[in-house]
Amino acid sequence: MSIFKNPGGQRNAGPKCEMCRTVIYGEETVIARQKRAVYVNLNPFEAQQIEQKSGYRCTSCRREYCKDCLEKKAPGNIYGGKSCPRCGGRFEIMHG
Ligand SMILES: [Zn+2]
Ligand SMILES: [Zn+2]
């Protein structure tokens with residue numbers, strides 16, 4: 001039994017960031033991969049990088065972005081979060 005869906009492998013069919021086209025991960029996958037980075041690979045820096053690939057989905061236009069792009073490029077909103085660069089909608093974290 002493993003909590004990791006695909007140990008060491010590449011996911012080809014996963015969702016991609018609308019801006020940078022890198023593969024993004026749902027919250028549960030990010031947590032699983034971070035655990036592996038810290039406890040198996042002993043690499044907290046890798047865990048940080050995985051965090052930046054967390055996926056967020058616009059609740060209005062359904063476009064998906066990585067955390068990294070949102071932090072660097074998306075406009076802020078009055079709630080202290082980020083707004084969708086395309087439609088100004090709010091984001092929800094992706095799961096899976
Ligand atoms: Zn991105
Ligand atoms: Zn949007």
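Helices (H or I, at least four residues) and strands (E, at least two) are here DSSP runs, numbered from the N terminus. The structure is a predicted model, in which local features need pLDDT of at least 70 and side-chain atom pairs count only at pLDDT 80 or more, while totals for chains, interfaces and linings use all residues. Residues are numbered from 1 along each chain as its sequence is written, and chains are lettered from A and ligands numbered from 1 in the order in which they are written.

**Exercise 1. State the pattern of helices and strands that the chain follows along the sequence.**

Step 1. The secondary structure comprises three helices and three strands.

Step 2. Read along the sequence, these give α-α-β-β-α-β.

**Exercise 2. Characterise the packing of helix α1 against helix α2.**

Step 1. The axes of α1 (residues 27–40) and α2 (residues 44–51) are 7 Å apart, at an angle of about 165°; axes are lines fitted to C-alpha atoms, for helices over the stretch in contact, and angles run from 0 to 180 degrees between N-to-C directions.

Step 2. The angle therefore makes α1 roughly antiparallel to α2, the class for angles over 145 degrees.

Step 3. V30, R33, Q34, A37 and V38 of α1 meet P44, E46, A47, I50 and E51 of α2, where contact requires C-beta atoms, placed from the backbone, within 7 Å.

Step 4. By type, the residues of this contact are six nonpolar, one polar and three charged. Ala, Val, Leu, Ile, Met, Phe, Trp, Tyr, Cys and Pro count as nonpolar, Asp, Glu, Lys and Arg as charged, and the others, Gly among them, as polar.

**Exercise 3. Determine whether A74 is buried or exposed, and locate its contacts.**

Step 1. A74 lies in the loop between α3 (67–73) and β3 (91–93).

Step 2. A74 is buried because 21 C-beta neighbours lie inside 10 Å; the cut-off for buried is 20 or more other C-beta atoms within 10 Å, and for exposed 12 or fewer, with partly exposed in between and C-beta atoms placed from the backbone.

Step 3. Not counting residues up to four places away in sequence, A74 touches K82, S83 and P85. The C-alpha atoms of A74 and P85 are 5.4 Å apart, although eleven residues separate the two in sequence.

**Exercise 4. Identify which residues touch the most other members of the largest nonpolar core.**

Step 1. A nonpolar core is a set of buried Ala, Val, Leu, Ile, Met, Phe, Trp, Tyr and Cys residues joined through C-beta atoms within 7 Å.

Step 2. Among the 14 residues of the largest such core, C17, I24, Y56, Y65, C66, L70 and F91 touch the most other members. The elements giving two or more residues to this core are β1 (55–58) and β2 (64–66).

Step 3. Beyond its neighbours within four places in sequence, C17 is in contact with T22, I24, E64, Y65, C66 and C69.

Terms used:
Contact = placed C-beta atoms within 7 Å. Parallel < 35°, antiparallel > 145°, perpendicular 65-115°, else oblique.
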